[in-house]
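Visitor: Hi! Could you walk me through this one?
Guide: Happy to; here it is.

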Amino acid sequence: MRKTITILFIFLLSGISVALAQNITVKGTVVDKTGTALPGVTVTLKATTIGTQTDANGHFSINVPVNGTLRFTFVGYNAQEVAVNNQMVINVTLQENTTDLNEVVVIGYGTQKKATAAGAIATVGANDLKDQQVLRVDDALEGRAAGVTVTSTSGAPGAAPNVIIRGQNSLGNSSPLYVVDGQIWDDGGYDSINPNDIESLSVLKDASAAIYGSRASNGVVLITTKKGAIGTPKITYNFYYGNQSVTKKVGLADATQYAELRNESVTNDGGTAPFANPSQYGTGTNWQDVIFGNAPIMSNNLAISGGSDKSNYFTSVGYLHQEGVVTPDYSDYKRMNFRVNTSSKPKSWLTYGENFNYAYIRSTTNFNTNSVFGGPLSDALNLDPLTPVVVTNISAQPNASTYTNPNYAPYLFRNAQGQPYGISAYVANEIVNPIADEQKQIGNYNWAHNLQGDAYLQIEPIKGLTIKTDIAAKQSFYGSESFTPLFYENANNSNLPPATNSQYRIMQQNLEWNWDNTATYDRTIGKHHFTVLVGQSSEEESGYDVGDTNYGEPITTEQQASFNFALPQTDRFGFGGDQQPETLSSLFARAHYDYDEKYIIEGIVRRDGSSKFGSDNVYGTFPSILAGWVVTKEDWFPKNTFVDYLKIRGSYGVLGNELALSPFQYTPIVGSIGSYVYGQEGGQTLVTGYGPNSLPNPALKWERDKATDIALDATLFHDLTATIDFYNKASDQLLLSVPPPAYAGVSGSAYENAGGITNKGVEVQLGYIKKFGDFNVHLNGNIAYNKNTVTNLNVLPYIAAGAWQGSNTPQIQRSQVGQAYDSFFGYKEIGIFQTQAQVNAYKDKNGNLFQPNAKPGDYIFQSVTDVGPIGPSDRQFLGSPLPPWTYGFNFAASYKQFDISVFGQGVWGNKLLQEYRRLDLSTANYPISALNAWTPTNTNTNVARLSDNDPNGNYKNLSSALLQSGAYMRIKTIQVGYTLPKNLMTKLDMSRVHVYVSGDNLFTITKYNGFDPEVWGGSNQTGGVDQGVYPTARTIRVGVDVTL
Amino acid sequence: MKRRYIKYTAVSLLGMSSVFVSCKKSFLQLNPKGEFSESSYYSTPDQAFAGLVAAYDPLLTETGGNDQTYTDVRGPLNAASDDCYAGGGGSSDTPDWQLWNDYQLTSSAGPQNGYWPINFLGVSRANTILSKIAGVPGLSSALASRYTAEAQFLRAHYYFDLERLFKNVPLITAPLAPADIYNQVQAKPADVYSQIENDLKAAIPNLPQTVITSESGRVTQGAAIALLGKVYLYEQKYTLAAQEFAIINGTPGGTTPGFGYALQASFPAIFSPDNKFNSESIFEINFTPSQAYTWNNWDSFKGSVYSEMIGPRNFGDAIYAGGWGFNPITQQLHDAFTTPYYGGGVKDPRYGYTILNMDSLAALEHTTYQGSYENTGFFMLKYAPLTKYLSTQGTNILNFPNDYIEIRLADTYLMEAEALVQGGGDASRAAALINAVRARVGLAPVAATLANIKAERRLELATEGHRWFDLVRWGDAPATLAFKGFKAGTNELLPIPLTDLAATKLVQNPGYAK
């Protein structure tokens, strides 16, 4: 007790002594070296948390002891310290920090000074993103970070891109791990993070990711959201409104051309021309004009932040409303965000805080993008131009009876005048009139509520030691609603009596939580600085879904649909499911030591236990080591050369990947496999069969990736920063789903640790900042080259991928040892047969014709086996859908009140296959290139003759003739802005008002003739296969950023 | 105090962690949801039956195989025969069917990618349940022997199809240990046949002669005997074949004692979904209209999608629902009915129940339909999608109720007649058998010659999936299927799927090297 009193007394005394020390109010102005006032500079009393910020005019005022020291810090400028020494006015000129070496980077369970970082860590900050239209956090990485390949999967509002860091390095899942403010997140839905809330993105590309052990090999993206800063509350409001339009329509035959091409194809096969006098059809319907439209986008964002030395807060609300350029009337995406981030430091040794995000998303996403099985894009590409959008004269239609048929007529989709939408007399299957189909989509939407965040408590029992416990979770509720009326779209797409209407609802929930406990000890003794982190983490993911389908509600339209209608139980189809749970329990440590920021060494180790692995291999250990040497800090290094700073660094680590594996593959599992029907009408029962559903492998282990990185960081000529990384990621023990031979009779594939992939590459990142009088220039660029090679597939000669509806060899991509992952595999085209004699002369040494079915006008394929006829074994590798080269560049300049920025990115070296035309529908519309098809009178062409039967497989065989270069360079954003003058701001009591006009995706330089060279995903989930991807829109925006 | 408090906090934080770490073993041991660990399964009679059902499942596979395409047992076989073409939306619609139709099969593409895996899936599931039955607690010996017999029948059925389609197949009669998977070699066809015979002979005594209505679709003794007869016929063991068929057929035209088999009086009634498991049905694949399947159920359809596939495109009236125009009937089959082999110059009475002349129907109704690829205007009636059978729930075109009777009495009559003629058996019984089939549709008797039996089989069993097998086993395929490009010495068999030649010891069938 006495001790307590003593301590209290000492506390009181020290308080008094502070009070006794004389305080004065210091005022001043902070400017940059050109004399321009710097608003928002943090001014703190050194070694305390007392502080303020400069106002719009760079002025500050602070009450401090006369003998204190003021510290001025501002992003992008070198910190400066000034002793007060009884001065009442202190004016400061901050020097720009061109090297950013004092910048702090987020590295997982902590931060590190960039100067002492030895890992390959790319960072993207809020400043990099502010002039660009960033709608999703993962989109933000495109073109910004060397070695990070972001490919849009769809231009539809809200669509997730495909992100790959340093190449495809798994046969299963190559998605990076996302960590948002310490919350581990690996199952998608990243669009619920408001991009405006992001303070920084750190991408751990090399062994530095090892702190995330078993999930590090695909790279780790660390997202840090904004926090409040000490000073007066800061209010920012950002708004923009834009108009989106489609950048490109593809060339398709018009009605006359279509009829001519159909005649050509049918007569080439010896048939009778189906269309007499093609010119009678005129130009017909341009279905692309029908589906594409202008679509508005609006973004509002309001953030309020502030703080004191004891606590800080950041809170924001955001609202994004975007329509899509494909059938804009039913393409809609709305997102509402709410975020509160706070932290408090009630005691010098105690900090607690939380980061919380809520997002509501409502979207219509039923565009079936990149699929040949219907949807507006596939419809527009394949529907014949003869069919009218709306039928005004039914009797003139070749299929008039379809419209008058009493079984269909009541269920046709009609316009406001009651006229039916056109139904093709030529093209059916999944291909329907997209405007009619739009009506079927009314009332269909997806929704999601996402609650995500973390809460932490941190204590500092002794100086330098921080113990932190952090519980983070993401709880998502999501689902969709739809209604199917009675309708008739074509013979294959109808819902006619005796069928009934149906209403469908599904609700899903998913919970992912992790609880991390860490202790960090950070100490500097003289020039020795070391940081030690030890930690433990537990994680669980689970989820379920329930849903219902009601058949035969006593209504006709979606507006009336309700699950409240009393229906017989036989018309209510409920369903549900459980997600297989997964758990992870981990221990990890990191030790960092540097001497005078000159010699740096760091070791990381993580031991993960996972529920996905068998009792033999529950745990995996992932160590790594990193080292750095700042050469320019050596005494012997010549001064005053063009080299201002040079760091050599390297890392080696073993990283894991478990995302590729489904749960319970290690143990023999009996599950439902198939079913059979017994009994007769009225008493039929469907009995579910049970049996082993795959071959277990109790020896399953983690995927491993041995990652080496050698790099240089340099500052040259004061203003130019450069980073060059050379890396080699050799993955072995990849989880390979080995489909056993079919005669083994198991439907599921067995997993083995048998695959190998190597990624080798170079990344260069350059930055340049220079000021010429009133003219500021900021240049950034990055370029990366990655070589991907499959090195081991165990017993498998190759893994086939891709599917091409209607082709002779549907699987068109192959992963094979020595080749890049999922390379195109087909015939090499070496010309076009001009004469039958040429066909007859193309034979092997035994006199067998290579292409016995060929006719003049058909492609000549190269023989690999030198044995005729040409068959599947004559296929060869034709290029990779993954671009080896990726690059991005950013140019920003400002002159007085004006600013401009240009941001672009591109890829080079990949191949694309365009599969727009449905091969199985010979009546589908043709690309415009078909007009140049070989005919006896048009022989100087590289387009093979048309033929419905296509006996030579010109269009049904994948060949080099059908592949196109996927290279492109895209100007993502050009923005021109104007900042209102200071004196006006002072009058308005505002800090900053910036207005701008911006163009996104203004133009793309590419030889690819499809909608968009950015192609990924679709129904095949593969790269480089374009079945009609939803194109990225061009957006013209006007916006305003206000800071109070 | 302050320091001590911090220490307590620190210790308790670390303590919580260590508690968590110490119990992590159980934290990491999870049980699968909705599945069982194999060691705990097969422990009740119900679970044994579920294991048997899994072995039944591949019998009714409409979509699947290595390439996830349509593999209904009838479609590709009809496309390969002279009964039908592949048809569909175009020359690339369902390429497996087109390639067989055109005899352009390669090792990488063709219906083998469906048939091979589906039948081996059946073999493996039969093997699994056969290895488990003995250890199932509480399973009565009667049920155990019935389940065993059903699994033996199913294994024989799958191997018979494999043998007929591929001939050179690995013979696997027990669950494969993972280490043995890649060591399998192709067995001698005679060994496979002898395994099939043994399975069926073992199964027959333990199967029920008839089943109660709720068990319709389960294997019966009659099915096993008929299949054994058919196996003998394919092996050209004619006397043995005739012996087995005689048990099933009884007195031609009468009702078989015990089994209750009798020809249906009305020919179309055989195929009516309202008359499932009728007296003529010996082995019937049971389809259901009641599962409200949608496209999301691609891997599990048990409604008759084949009915939808064969309907006329862009058509629908009060009687016939539309479809996708697959398997249009050839002019050859049409002509076989309109100028029948037995002369007389009148259409065979079965024509109107086998072939729908769409062109004349459309002309009559003033409607249109869209000609499919290789359209002839002739459509299949036995499994036709009728408007009245459109389901009310799910995607109605995927839920037709039409069953596939794989073995029916008229077939076993004709097979016995053939076995008798080929094997020099009782000629008068052979004549009685074929003429019973003919008398049912009001046709005059013919002589029981091999040629007549072949021609009668074609008319009676048209589009039921037997024609291609018949042509191949008779050796008639090269001549009859020449118009489609059939290559003798190669196209009698399907190629072994390329995917199963990689890394295994299997050898490709002759003529399919590339």
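**Chain B and a sheet in chain A**

Guide: Of the 514 residues in chain B, 63% count as buried (under 20% relative accessible area, 1.4 Å probe, protein chains only). This is a predicted model, where local features need pLDDT of at least 70, side-chain atom pairs count only at pLDDT 80 or more, and totals for chains, interfaces and linings use all residues. Residues are numbered from 1 along each chain as its sequence is written, chains are lettered from A and ligands numbered from 1 in the order written, and side-chain values use heavy atoms, without hydrogens and water.

Visitor: How many helices and strands does chain B have?
Guide: Chain B has 20 helices and seven strands; helices (H or I, at least four residues) and strands (E, at least two) are DSSP runs, numbered from the N terminus.

Visitor: And what box do its C-alpha atoms fill?
Guide: Along the principal axes, roughly 115 × 55 × 50 Å.

Visitor: Switching to chain A, what is the strand order in the open sheet?
Guide: Four strands run in the order 3-2-5-6, with antiparallel pairing (two strands pair if DSSP finds at least two bridges between them). Strand 3 (51–53) and strand 6 (80–83) of chain A each have a single partner strand, so one side of each has no neighbour in the sheet.

Visitor: How many bridges join strand 5 to strand 6 there?
Guide: Four bridges join strand 5 (residues 69–73) of chain A to strand 6 of chain A.

Visitor: Which residue does Arg71(A) stand opposite?
Guide: Arg71(A) faces Glu81(A), which is in strand 6 of chain A.

Notes. Buried means under 20% relative accessible area, exposed over 50%, partly exposed in between (1.4 Å probe, protein chains only).
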